[in-house]
Amino acid sequence: MTPILSIRNLTVALPKGGDRAFAVEDVSLDLHRGEILCVVGASGSGKSILSAAVMGALPGRLAIAGGEIRLGETLLTGLPDAALRRIRGNRIAMIPQEPIAALNPAMTVSRQIEEVFELHSDLARPVRRARARDLLEAMHLPDIDRVAASYPHQLSGGQCQRIAIAMGLAMHPDVLIADEPTTALDATTQAQILKLIRELKATGEHGVLFITHDFGVVRDIADRIAVMEAGRIVEVGEAARVLAAPQHPYTRALLAAVPRLEARAVRPAAEAVLTAKGLTKSYGAKLALDGVDISLERGTTLAIVGESGSGKSTLARLLVRIAEPTGGSIDVGGANFLASRGSALRRSRRQIQMIFQDPFGALNPRRTAGDIIARAATLGGIHRAEAKARALELLALVGLPADAYDRRPAAFSGGQRQRIGIARALAMAPQILICDESVSALDVLVQAQVLELLADLQARLGIAILFITHDLRTAGAIADRIAVMQHGRIVEQGDAPAILSTPAHDYTRALVAAIPGLSATERALGPSIRPALPPLPR
Amino acid sequence: MKRPPALVIGVAIVALWLLVAVFAPVIAPHDPLVSFKPLLRPGAAAFPLGTDLLGRDILSRLIWGARPVIFLSLAATLIAYIIGVGAGLLAGYRRGVLDAGFSFIANVILSFPVLVLYLVVIVALGPSYLNVVIAVTFGSAPAVFRIVRAIAIDIAGRDYIAAAVTQGEPTWRILLIEILPNAAPALAVDFCLRLGYSAIIIGSLGFLGLGLPPPAPDWGGMVTDGRALAFAFPHLVIFPCIAISSLVLALSLIADGLREARQ
């Protein structure tokens, strides 16, 4: 069978002075109808550039330096813009990463889909409208009339993604390019969208080029897998073969870094260092947090798991007092944290530090890493003269070289910045670390390293960690106990192995079922138990 | 980093005017207040740009006139920035009642047509160097405040500010060390544009007879003096107009260049 999309020796040059000469180098791939080809790689591996090249929509500074792309019989490389425009959205369609950003906020859903027909066909208006409706129906959207007349902001992220897919499918494209189509979605929504894409594949009409960094998703959806590293394809093959017997060391490293769904044995209870009771936060009439009780014990980790909007980030902000609760109490080390004011509050803040989600936003771009950490050490009570030495110690502790001291955040990768954020928090010598989705912005290899670093620091320093995440695998990998949040409430709370293997609440069960890429054994047997970490130093 | 040509040209022109202003006593061929033969046309070796109605050398008056325009607009803009940045950072970071109060005052001032505002201030206080600075500062500070406040609100929402708060940083350090340096590139652009506006305003005040008391050399005042005879003797108004335009244009070029360099 001839492939519908054929890429031969494709090379895309980067502007001079970048960290490598080519964004994509000598890539050859074939995609057939009725097939999902997953391109997997870390951020910066060139997988998004590859998809942009196929769409003929490379960012301005990049150009194809060699090779060719064929769509059926049509040679796409070197085609003039006007001809490419007739192909884009018509024979090749894109499913975007951020569906809400990809839709026009000032146009109703129905109009946006009709516009695709307007551009690429000469169908009459009523026919266009009827087709748009059919497409929405095929996307299993509820209440079609209401959705069709809605503006994007009136719909959920998952609904918007279905609409973006409907627009992509409007002209029955030969090739669908999905660039991280579920990364911005919650786990349960992701599971539904993946199911929809599998259905599309089953029609045998389209070839799907699926770009992702998530091996869970790959396991669920791929027919074939291509692994990219630094612009090159290092391994390509049937999904079952690549997952079971990866040939290339990089593929093996990536697969090994995916946390398995397993909980580790719970460490014995110690004294509580952080207790919150009846914590409530309302924004006007909206209740973001509704009577949350948690208790965090010395040297242990409590994971707070929930989807976006569940209130888990609000909880973190209240615990470090970036925001003030509407009601409830917070005790840190036996003292009422909420009663603290002014300079007393500034002093007591050092006991409870936060590591943020976005490593790019959490560091002041105008200050050097060393300055940031040394200042934190000074605030943590170390004399100014010794702060630099302490900062250098901490850089070494989080695995950064000493010359990192004089560099600004822009000179570091996401994982390195997260390490600087951890060093900054540790410089205050806190008893408690609040990690708000601290690894979700990182690549899987880096994610594993940062989780390992946190566990290691915890074992050495006896810090208590409150780990906020949307990902049950990550929670299982790090937590002693798990609390599941939904709509501002904790619906279930308990030891990690129990929550993962025998979830009691419906919502927890739905979350566990929605974890992408569970192997057959994981589904059948539930999570395995890892040996406990060594006991804490007293 | 490559320097945008706009920046280079702008800096060159402004530097030239600065040198002219500083070394006015050395380079001016004549005393700007002494009368020679009136209404000489440009071209003569002794009076290359001609003389005015009272026989004063136009070149020398332009050279001396660079001083008040440059130093008054610089002083007014700097003071406006000190007030606007201080109030804007505090209002944008703290929000609440403080912000509401500052914003209300700024909006009331900005709701007057600017020229009317300057007229009111000058008429109330009388024309003098100091009062020109006060008037221009009064008009600029609220605009600076609004820009700084908007930037501060944006930056205050970033995680590194939250991190500074959880570390117990005092407010003044958050304002001056965490927020201000990140606002600086945008403010540098606005500063240059505003310096140009101030130069125009000072020229306009001079033109309206509200600038410096005569017979001090003043570009705006020179245009007013020559206005009645402008058709017969265009050199009376053309040269001071070119002087003002070149300075304002150069400042705009610097602003554009800075903006380009940032991207």
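In the predicted model, A:Val332 stands opposite A:Ala335, a residue of β16(A). The strand that faces β16(A) here is β15 (residues 327–332) of chain A, and the two run antiparallel, joined by 2 bridges. Both strands belong to an open sheet of 4 strands in chain A, in which the order is β13-β12-β15-β16 and the pairing is antiparallel. The edges of this sheet are formed by β13 (286–297) and β16 (335–336) of chain A, each of which has a single partner strand, so that one side of each is left without a neighbour in the sheet. At the other end of the strand order, β12 (residues 272–283) of chain A pairs with β13(A) in the antiparallel sense over 8 bridges, and A:Ala276 has A:Ile294 in β13(A) as its bridge partner. The hairpin of β12(A) and β13(A) has 2 residues between the strands, and within this hairpin A:Gly284 adopts a positive phi near 60 degrees.

Strand β1 (residues 5–13) of chain A pairs with β2(A) over 6 bridges in the antiparallel sense, and A:Ile7 is placed opposite A:Leu29 of β2(A).

With regard to the domains, chain A is divided into domain 1 (1–88 + 176–258), domain 2 (92–170) and domain 3 (272–530). The centres of domain 1 and domain 3 of chain A, taken over C-alpha atoms, are separated by 34 Å, and the contact between these domains involves 20 residues of domain 1 of chain A and 14 residues of domain 3 of chain A. On the side of domain 1 of chain A that touches domain 3 of chain A, the elements giving two or more residues are α8 (187–202), α9 (215–221) and α11 (249–257) of chain A; of these, α9(A) gives the most, with 6 residues. Classified by residue type, this side of domain 1 of chain A holds 11 nonpolar, 5 polar and 4 charged residues.

The contact between the chains brings 20 residues of chain A together with 13 residues of chain B. On the side of chain A that touches chain B, two or more residues are given by each of α13 (342–348), β17 (352–355) and α14 (369–379) of chain A. The residues of that side of chain A comprise 10 nonpolar, 3 polar and 7 charged.

Chain B contains 10 helices and 0 strands, and its C-alpha trace spans about 75 × 45 × 30 Å along the principal axes. Two of its helix pairs are described here. For helix α3 (residues 58–94) and helix α4 (residues 96–110) of chain B, the axes come within 7 Å and cross at roughly 135 degrees, and α3(B) and α4(B) are therefore oblique to each other. The crossing of α3(B) and α4(B) is left-handed. In this contact, B:Ala87, B:Leu90, B:Ala91 and B:Arg94 of α3(B) meet B:Gly96, B:Leu98, B:Asp99, B:Phe102 and B:Ser103 of α4(B), and the residues of the contact divide into 5 nonpolar, 2 polar and 2 charged.

For helix α8 (residues 171–207) and helix α9 (residues 219–227) of chain B, the axes come within 6 Å and cross at roughly 35 degrees, and the crossing of α8(B) with α9(B) is right-handed. The contact is made on the side of α8(B) by B:Ile202, B:Gly203, B:Ser204, B:Leu205, B:Gly206 and B:Phe207, and on the side of α9(B) by B:Trp219, B:Gly220, B:Gly221, B:Val223 and B:Thr224. By class, this contact of α8(B) with α9(B) has 5 nonpolar and 6 polar residues, and no charged residues.

How values were computed
Residues numbered from 1 in each chain as written. Chains lettered and ligands numbered in written order. Predicted model: local features only at pLDDT ≥ 70, side-chain atom pairs only at ≥ 80, totals over all residues. Contact = placed C-beta atoms within 7 Å. Nonpolar A, V, L, I, M, F, W, Y, C, P; charged D, E, K, R; others polar. Pairing = 2+ DSSP bridges. Domains from an automatic or database assignment. Axes fitted to C-alpha atoms, helices over the stretch in contact; angles between N-to-C directions. Parallel < 35°, antiparallel > 145°, perpendicular 65-115°, else oblique. Left-handed = near helix turned anticlockwise from the far one by under 90°.
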